[in-house]
Structures are given as C-alpha cells and as structure tokens.
Amino acid sequence: MAIRERQGETETLGAALARHPYDREILLALASYERTLVSNQTPLDVALSGGAPLTPLEQQGRAIFGNRNCAVCHGGALLSNDAFFYTGVRPVQEDLGRFAETGNIGDRGAMRTPTLRNVALRAPYMHNGEIATLADVVDFYDRGGDFAAPNKNPLIVPLNLSPQEKAALLAFM
C-alpha cells in the first residue's frame, strides 16, 4: 500500500513503519480503537437480514420508537440524522454546544445526535456522561428533557410512557 508518492518515489506502509517505530504504535492504537466502532449484529440487524425475528417486546419497542418520533432524529442505518439539537440536558448558558463553533445563538446547547447503534453497550449517556443508564435516558426523554430554551427541539416533549412502554423501548434498544 503506497502512503506517499513523490517524484516517482513510493513509500509503502511497511517501510514507513520500519523508519518510524512510534508511528506503528500509534497506528495499532488507532486500529484497536476503530475496531470498537464496528457495530455488533443487533437483534434488529439480524431480523432485517432475514434471521431470527424480533421478540414481541422488541417489536413493541420498535413500534413505540417510530410512533413517538424517536426515529425522526435516530433513524436510518446509523440510527442518527447527524444533526445538532438542544434537547434540555443542561441549561444553555452552562453548555455552549455547537454555538462555540458557529456563533449562531440558535446553536446554544446543541449537540450532535448520537447513533443508537449498540447504545446499550456505551454507558454513560449524553454528551457529558451525565446519565448513567439507558433506563434513565428513556426517563429523561419521557419527561421532555430537564431544561427549556427557545431553541429546544420541538420534538422533545413529555411522552407519558407507561412502564410497559419503557420496558419495550429498552428491549428494542
């Protein structure tokens, strides 16, 4: 694999690593990290590929996920729209969010919508690790977030989920 070409000279990855042994350690660390980013085959993946179907509880959770607008932000193959929203995790004056990059007042407190692929494996939750369990995340969204602001995503409203609906959502995720 050529990593650098200059005036007809081609340096292979192996040659570069032989010259710079610390680069090898960095690349190995990066490769190890990237392997953690590969999603497991979730029950949804298996079901969509023709394998074992979702359990009735997982099916109920999937339906709730769609009916309660979760899929608007957490849809598609990545279970994320990659957009930035303020959802009421912290007061906007305490957490600048995307505003720090854009200077746009509407971006105060806005964070990128994370993927929900393998979400059960990635505690703690939210951009600041403030929420310890996935059940607590469901409770957070069920109450419509914890803080209000003019730029709060209008989809973040109390959901009034029953304990059974919360259990189904957790089973699906």
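**Note on a predicted single-chain model**

1. From the N terminus on, the elements of the chain follow the order β-β-α-α-α-α-α-β-α-β-α-α. In total the secondary structure comprises 8 helices and 4 strands; helices (H or I, at least four residues) and strands (E, at least two) are DSSP runs, numbered from the N terminus. The model is predicted, so that local features need pLDDT of at least 70 and side-chain atom pairs count only at pLDDT 80 or more, while totals for chains, interfaces and linings use all residues. Residues are numbered from 1 along each chain as its sequence is written, and side-chain values use heavy atoms, with hydrogens and water left out.

2. Of the 173 residues in the chain, 29% are buried. Buried means under 20% relative accessible area, exposed over 50%, and partly exposed in between (1.4 Å probe, protein chains only). The accessible surface of the chain is about 10,900 Å², and 58% of this belongs to carbon and sulfur atoms; the areas come from the Shrake-Rupley method with a 1.4 Å probe, and for residues only the protein chains shown count as cover. Among contacts in the chain with a separation of 6 or more, 54% join residues 24 or more positions apart. Contact means heavy atoms within 4.5 Å.

3. Helix α4 (residues 56-67) and helix α8 (residues 163-172) have axes that come within 7 Å and cross at roughly 100°. Axes are lines fitted to C-alpha atoms, for helices over the stretch in contact, and angles run from 0 to 180 degrees between N-to-C directions. The two helices α4 and α8 are therefore roughly perpendicular to each other; angles under 35 degrees count as roughly parallel, over 145 as roughly antiparallel, 65 to 115 as roughly perpendicular and the rest as oblique. On the α4 side, Leu57, Glu58, Gln60, Gly61, Arg62, Ile64 and Phe65 meet Glu165, Ala167, Ala168, Leu169, Ala171 and Phe172 of α8. The residues of this contact of α4 with α8 comprise 8 nonpolar, 2 polar and 3 charged. Here Ala, Val, Leu, Ile, Met, Phe, Trp, Tyr, Cys and Pro count as nonpolar, Asp, Glu, Lys and Arg as charged, and the others, Gly among them, as polar.

4. Helix α8 also packs with helix α7 (residues 134-142), at an angle of about 125° and with the axes 10 Å apart. Helices α7 and α8 are therefore oblique to each other. Leu134, Ala135, Val138, Asp139 and Asp142 of α7 make this contact with Lys166, Leu169 and Leu170 of α8. By class, the contact of α7 with α8 has 5 nonpolar, no polar and 3 charged residues.

5. Leu44 is placed in helix α3 (residues 43-48). Because its relative accessibility is 15%, Leu44 counts as buried. Apart from residues up to four places away in sequence, Leu44 touches Leu54, Arg62 and Phe172.

6. Thr87 lies in the loop between β3 (84-85) and α6 (99-102). Its relative accessibility of 15% means that Thr87 counts as buried. Beyond neighbours within four places in sequence, Thr87 is in contact with Phe140, Tyr141, Gly145, Lys152 and Ile156.

7. Ala123 and Pro124 are joined by a cis peptide bond, with omega about -5°. Asn69, in the loop between α4 and α5 (70-73), has a positive phi near 70° and is partly exposed, at 38% relative accessible area.
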